Amino acid sequence: MSASGYRVLLAEDEATFALTLTRFLQQQGHEVKACPTGKAALKALAESEWDVLLLDLKLPDADGADILARVREEHPDLQTIIVTGFANVDSAIATMRLGAFDYLTKPPKFDELALRVQKAAEKSLLERENRRLRFHVQRGLGSDMITASPAMKKVLATVAKVAAARTPLLIEGESGVGKELVAQHLHHLSPRAGRSFVDVNCAAVASALLESELFGHERGAFTGAASEKPGLVEVADGGTLFLDELGEMPAELQTKFLRVLDSGTFYRVGATRKRRADFRLVAATNRDLAAEVEAGRFRKDLFYRIHGVRVVVPPLRERPEDVPLLVEHFSRGLPHPRRFSAAALQALAAHHWPGNVRELRFAVERAGLLAEGEVIEADDLPPEIRTGSSGTAGVAPARHAEPRPPAVAPRGQPDAARVRAALEQARWKREKAAEILGISPRTLLRWTRRLGL
């Protein structure tokens with residue numbers, strides 16, 4: 001949709017009639033392109049996105065019904081209005097059964113034409129919006145931020161200040177500190193709150209599939225692509241796109257994503273038609289991206305493009321005042337909510353929390369499921385919390401968010417005990433266990449195969 005109207009594609013071979021319709025629709029504020037043949041119309045459809053198609057049933061090189069069938073298959077959101085002579089009314093009604101939005105007879109009444117185009121365009125946009133909001137409806141997102149920490153409150157104050165802007169936000173912090181919650185909080189404070197919040201973890205998707213996940217693909221673009229699929233960039237149009245673990249994005253894909261940020265345009269895999277997407281980018285990483293740039297593993301121009309506003313979410317060990325608040329919050333979500341004893345809360349507050357808030361949540365859930373009494377005692381907590389060992393004792397707080405040292409034994413082999421403990425804590429969900437260990441899911445997969453876990 002343009003600033004003052006809709007994008008209308010007209011497939012009509014009668015030059016005078018096409019010119020008359022084009023001028024009228026342009027006067028109504030619409031952007032119009034007239035095509036005298038079916039081939040030209042299909043080419044225009046492939047090259048750009050349209051809101052309404054006005055289609056003559058009798059084109060010199062194609063049957064309108066055949067073109068309509070292709071449109072319904074390749075552009076299911078696009079609404080088509082059939083334009084026909086009186087002699088072809090029966091044919092026009094038949095095309096309604098094939099999926100046409102409406103039909104008009106030649107010459108149309110202009111006020112009726114304007115109304116039909118308006119309604120068809122509104123339905124096209126509604127169809128697209130319904131597709132984009134599927135994630136939003138299915139996920140049931142929330143953005144409650146629970147904190148008593150001055151450092152965390154400072155982060156949230158910064159987020160509130162920039163919520164209304166379109167500037168990208170870069171969130172740094174260790175794994176498990178709640179970077180996605182901060183991103184959701186920004187989304188709910190922004191003017192885009194009514195649109196989609198779409199997230200993708202760049203480390204959790206295989207490199208070969210990440211491009212298709214972000215940009216989508218056309219049918220037949222590669223083996224197994226039996227139908228077209230919109231990418232997450234397209235789904236996020238009008239909303240917020242959250243890229244977690246951005247530092248894991250392959251170098252060749254960084255170049256393509258930079259082009260999207262600069263121009264707002266992209267191509268699906270296997271497509272020749274350029275598409276547009278307007279989204280607010282929020283990126284997160286547990287790496288030092290400046291160091292990654294120096295090492296040549298991350299593009300400098302992309303780093304400066306996403307570095308509009310930067311916030312660092314402090315690790316849980318630096319905000320111990322949040323531990324009792326979070327324990328109470330997580331315990332309310334247990335199947336049978338229970339109270340934690342003073343000794344249990346003291347043990348939780350003394351723990352170093354290498355897995356941060358995520359580790360705390362799992363610890364609360366585990367204790368709540370295994371405890372036998374009505375009150376959760378210190379003995380009900382995981383062993384590493386009861387004994388005060390976290391595997392990272394003595395580590396000084398980082399100057400800014402950096403990944404923790406991976407669970408690797410002195411000889412460079414993965415520490416089987418720590419890997420197994422993380423997997424058990426994450427209930428054998430590889431992505432969660434990898435975040436607890438501070439490594440990527442792909443690295444954890446290699447380790448589990450090597451250790452036979």
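Tutor: Two strands count as paired when DSSP finds at least two bridges between them. With that rule, the predicted model has an open sheet of 5 strands in the order β2-β1-β3-β6-β7, with parallel pairing.

Student: What makes β1 and β2 a pair?

Tutor: The criterion is at least two bridges. β1 (residues 7-11) and β2 (residues 31-35) share 5 bridges in the parallel sense, so they pair by the criterion of at least two. Within this pair, R7 stands opposite E31 of β2. Between the two strands the chain runs through helix α1 (residues 15-27), and this β-α-β crossover is right-handed.

Student: How do you know that β1 pairs with β3?

Tutor: The pairing of β1 with β3 (residues 52-56) is parallel and has 4 bridges, and the rule asks for at least two. A11 has L55 of β3 as its bridge partner.

Student: Why are β2 and β7 placed at the edges?

Tutor: β2 and β7 (102-105) each have a single partner strand, so one side of each has no neighbour in the sheet. Neighbouring strands of this sheet are turned against each other by 20 degrees on average, direction ignored.

Student: Why is β1 called mostly covered?

Tutor: A residue is buried when its relative accessible area is under 20%. In β1, 5 of its 5 residues are buried. R7, L9 and A11 point one way from the strand and V8 and L10 the other way, and all are buried. In a regular strand, side chains alternate between the two faces of the sheet. For the chain as a whole, 50% of the 453 residues count as buried.

Student: Why is D13 called partly exposed?

Tutor: Buried means under 20% and exposed means over 50%. The relative accessibility of D13 is 34%, which lies between these limits, so D13 is partly exposed. D13 is found in the loop between β1 and α1.

Student: What does D13 touch?

Tutor: Leaving out residues up to four places away in sequence, D13 touches P36, D56, K58, L59 and P60. D13 and P36 are 23 residues apart in sequence, with their C-alpha atoms 4.2 Å apart.

Student: At what angle do α18 and α20 cross, and what makes the contact?

Tutor: The axes of α18 (residues 416-425) and α20 (residues 441-451) cross at roughly 120 degrees and come within 11 Å. The crossing is left-handed. The contact is made by A416, V419 and L423 of α18 with L444, W447, T448 and L451 of α20.

Student: How many helices and strands does the chain have?

Tutor: The chain has 20 helices and 18 strands. Of the contacts between residues at least 6 apart in sequence, 72% join residues at least 24 apart.

Conventions
Residues are numbered from 1 along each chain as its sequence is written. This is a predicted model: local features need pLDDT of at least 70, side-chain atom pairs count only at pLDDT 80 or more; totals for chains, interfaces and linings use all residues. Side-chain values use heavy atoms; hydrogens and water are left out. Buried means under 20% relative accessible area, exposed over 50%, partly exposed in between (1.4 Å probe, protein chains only). A crossover is right-handed if, with the strands pointing away from the viewer, the path from the first strand over the helix to the second runs clockwise. Axes are lines fitted to C-alpha atoms, for helices over the stretch in contact, and angles run from 0 to 180 degrees between N-to-C directions. Contact means heavy atoms within 4.5 Å. A crossing is left-handed if the near helix is turned anticlockwise from the far one by less than a right angle, and right-handed if clockwise.
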